[in-house]
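Please keep the sequence and the 3D view open as you read.

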Amino acid sequence: MTERLPVSMVVNGVPTVAEVEPRRSLVEFLREDLGLVGAHVGCEHGVCGTCTVLMNGESVRSCLMFTVQANGAEIQTVEGLAANGELHPLQEAFREKQGLQCGFCTPGMLLLALELLGENPHPTAAEVRQGIAGNLCRCTGYQFIIEAVLAAADRVPIVVGEPA
Amino acid sequence: MPAVREHPTDLKWIGKSIPRIEDPRLLRGRGGYIDDLVLPRMLHAAIVRSPHAHARIMGIDAAAARQLPGVVTVITGAEAAELCDPMPDFGPDPARHTWRCLAVEKVRNVGEGVAVVVAESRHIAEDACDLVEVTYEPLPAVVDPEAALAPDAPLVHEALGSNVAYTRKFDFGDVDADFAEAEVVVSDRLRWHRSGGQPLETVGAVAQYDPGTGMLTIWENSLSFTSYLFLLAMTLKVPANKLDVRAVPAGGSFGSKLWAVKAAAVAGMCAKATGRPVKFIEDRVDNLSNSDHCGSDRVYNVELAAMRDGTLRSLRIHVVDDYGAYMQFGVGHHGNALAQVTGPYRIGSISYELQAVVTNKCQQGAYRGFGSEVNNWMLERMVDLLARKLELDPVEIRRRNLLGKDEFPYFIPTGNVYDSGDYAEVLRKALELAGYDQWRAEQERARQEGRYLGIGLCSCQERSVFSATEFWFWFDEPAAPVTSMPESITLSVDATGGVSATLYSCAFWGNSPETMVAQLVAEQLDVDPTTVNVVYGGSNTGLPATGPGGSRFTVMIAGAIEGAVGKIKDKAFKIAAHLLEAAPEDLEWREGGVSVKGTPTSRKSLGEVAVMAHLFKHSLPDDIESGLEAGQVFDHPYTTMPSPDRSDLGVFYPFMGHACHIAVVEVDVETGAVEFLKYVAVHDCGTLVNPRSLEGHIVGGTAQGLGTALLEQFVYSDDGNLLTQSYFDYLLPSALEVPEVVIGHHETPSPYTPYGIKGGGEAGRMMAPAAIASAVEDALAPLGVRVHTLPATPERVLTWIEEAQGA
Amino acid sequence: MKPAPFSYHPASSVKEVLDLLTELGPEARVLAGGQSLVPMMNFRVAQPAHLVDINPVVELDYLQAEDGRLAIGARTRQSALERSSAVAAQAPLLVEAVGHQAFPTVRHRGTVGGSLAHADPAAELSAAVLAMDGELVVTGPDGSRTVPALEFFQGPFETVVAPQELLTEIRVEAWPAGTGHAFLEFARAYHGFAVVGVAALVHLDGGQIARAAVSLCGVAGTPVRAAAAEERLVGRTPTPETLEEAAVAAADGLDPASDVQGSGAYRRKLARVFVRRALRLAVERANGGQS
């Protein structure tokens, strides 16, 4: 059981090879082995969404995936959003609209919003509200998150990967 | 009474919704939360939790656990009691309701820790937890607060001799006379079940002990009350000056990380025991079952006395509060209630009888409102009840009783003061924003169609900036009548003129301390707020600080900043006077520097002053020391002591915000489900520093109030089993449960605080339960339903409809 | 909330899965989407010694529609089912039901087969497949057998799939033109489990109900068919009274357990309300109303 299995994946565009114990979750691997601490652990039963990352362009709960299952996958985390040190337009919109308070749900929300805008580039407020409803936020009451996503809708240039 | 302040009007940064200073790093996923912290050779702790609500611990066999590869140590409760003293306890009788970081001899709630395992990974620690064999002798559990009062109820703490940890009746004003003169009295029994802050990040700590220096360093996401940390040092058996607690940003708190010292105690104990750094982070089950931060859990029996024209006269309040297994904050939650017990109304007398009981549940802690939000709800429920009885419109009855804006400062019967307010205007704005009259017309139409639409409104207080007295005025002879709850800051200007601000408590919970500090410093020093660097200091070398809570932080830090800036300006003026060869009184602060009045070109920038201060001591007058920094400890600016007989509790929560929430709902009478059609919140928190930031708290707080009103409850079975141990069962509101909140502002500055700022962090949660209960009741008024219990779950609502119809 | 240790075995074919299940014995469990199993493992209520990961078994990822017969590979993602135009045409009830399961992110990983094999009594897909008289193909070392949905679910989290077997395909047949479908549920919050869910199919012919199916989730240890309700519908005109009668009949036969989300009595009340509402919507759609 303490055997380690090889995995290889691409994380934020960087090929990554490692050996992990089967029961290490993807969120643990990202945080502890790769130092990508943006994905958070909130509930470990798939409800809160603070662990949300994109796998092959689709949002997934990284607390419910074992790292070994991500073998061969392309993972994007929040750290992959800002390019050249500049905030991604989505992040910039969150900043302008104060779409965050404690920031704990924010990385998950950003990636979920990215996916949402990729599928629906010009959503209505109701569609955004529906689209983010799978991720919880305890601070904001969601309103300014929705405003941020709407503000970003006109600015997000490219969808990262196609939904599988 | 402090002096009335004159507030500057031409403000540059205060009142501006600048983007937050905190956000760029949070958006990048670099929040620096406790679980992000990794130290070399760090170990991980996991707690063995009790499956029983009440049981004697007959024995713990940790042999198998200790032998598991990767396990470094297992510490049982009995062993922990050798390593640690009891937890710091502000309760009425700590010797008799003794609280330890791990249970000894018996467990008192499901989830209470009985042992801790420390291992190379959390995985292994949990594997080992499964191998720890605990032999329990289950005891009958006491779960219902009223059942706890029974003389033959099982005792949670035998030493207490009863489950009533505290009881007292206070009378303020002449209640009997007011009731005798009253023309109508309404009474009701109201039940507010416990919910909790439940931030998405749990409580955690990382501790490191250096035997060479004797220094115990603990990082935690909950630093507060730094002057009281010597109590934690005592618990951990280290000298107070060898304990350094360091603030780590928290992923939300809402009170649940206020003085959340148990994680720090566990981590600290394990670090000392193992000689290696130890991380202890609650997982969600730890947090739901044993985080010590549930909200109030009250049974009210209330009578409201009034005149036939709706004029309120008096209140008799009897409240049983279920504190769970321990009493860490005593009955401070009722101090919060007493700060604004009569609401925004002119009520001349009140009687407040409290029975604080212990039961076999997780103990209460702090949750946004800290007990005053429950009083808001109770009072508004009674006012609504009275309005219905008198057939008065709920708006009209409030108008008749709201304090007028010229009545301030207004002392309520308990002795606390409301500093300022304009409640009628807040109500007016809310009614306008909500389109109240149109909704009443819509309600009529809906009723014709057989639909149940309701409009609820509440006028509630939001007190801010607590005094320490509320924790001890409950006793005629308190053991520790403490009076210090300061906030502090150190401002320093480096040789380039760059400004740094150091905070000394865990100010960051998702509020905006760095932004507040930056805007306030920018306003006073006339610098760009984005250039102000805000850092967090540790407790060991820091100034005393209390941290966020009771909506106090912005007001208190504003006071600290004012003082520190004043000191820096004094020194800057002295230096500039020397450099400019002018008298200090001929100088003024202008555009981020010092210039001669009337000759703006004759000036020294802050940087020019600073470089001289840092590097050129001998070019300056002898009495000027090197450097340009100042610390300021700011104590509560308006606290007065309670009278010895406690007929006057003194001023303890003077800066009084106010809000009116209006909720429009439709109730599905076949399911009991509540849908929101409109939600309006108008708040008056005095002068706003960053309006957008406050709005965020209003919406977020409203969402939490909605959770408390409709969704959230820690549900215990009759034998004390916690049935809500996951987010499958403890339901937090998602984006589809929370309506859009239409926000309005009104600003009635406080006469006593810098810029007239009042606290607003607890915002929506203190009002929403009242507005929502009112709306549901209004919707179901034709069916005769009374909303007397929260959460008003769909099943409860359906039951109430059936009962009302059956009756 | 870390899972107990286990050994991990990815498989890329059905044969490989079966070989592994036989080799590893009853302590092995199939890992599909993991959206239900992994939480149970994190809570340590499930502690399988071995996991056989069927995510690489792409041969089970298919949606085949032919002549009104729909065959769904067990490893098909719920989100794929949701987006499939073939399923929308042939079995819109399944689309509507799966759209209520958790939320999109979970459905990216959750599989159709995994959900059915997990057999949560509150699962929407189970009720929908049951309403459609679906057939489940269970494959073992000795070959495949086809199990009617009515026999597939045995109890809470219990199906006829034996430890060394794998659910490989789900088959449903489209209802004829003139059919309306509805899946409605009552949950206390968006992410809450269904307290009661109802799947309804109504086929109208000449203004009369020629065929009807009603099934419920969240009201018993397995999804249930409301046969008593169906009897009161077939051959009758879908008047409000008829639908109400069926709803009452559906609720009458139930004795749901109580839990934190709702008491048995409350669930029974909700069952009646939602059967009526689902039937009304299905009839509306059958008449070409809402889609």
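In chain B, the C-alpha centres of domain 2 and domain 3 lie 46 Å apart. Chain B is divided into three parts: domain 1 (36-139 + 203-281), domain 2 (140-192 + 291-371 + 378-392) and domain 3 (486-634). These bounds come from an automatic or database domain assignment.

A word on the source: this is a predicted model, in which local features need pLDDT of at least 70 and side-chain atom pairs count only at pLDDT 80 or more, while totals for chains, interfaces and linings use all residues. Residues are numbered from 1 along each chain as its sequence is written, and chains are lettered from A in the order in which they are written.

Now to the strands of chain B. Strands (E, at least two residues) and helices (H or I, at least four) are DSSP runs, numbered from the N terminus, and two strands pair if DSSP finds at least two bridges between them.

| Pair in chain B | Sense | Bridges | Opposite residues |
|---|---|---|---|
| S2 (residues 55-61) and S4 (residues 106-107) | antiparallel | two | Ala55(B) and Val107(B) |
| S2 and S6 (residues 133-138) | antiparallel | six | Ile57(B) and Tyr136(B) |

Finally, the chains meet in a contact that takes 42 residues from chain A and 41 residues from chain B; residues are in contact if their C-beta atoms, placed from the backbone, lie within 7 Å. On the side of chain A that touches chain B, H2 (89-97), H3 (106-119), H4 (125-132) and H5 (143-153) each supply at least two residues. The largest share, four residues, comes from H2(A).

How values were computed: Two residues are in contact if their C-beta atoms, placed from the backbone, lie within 7 Å.
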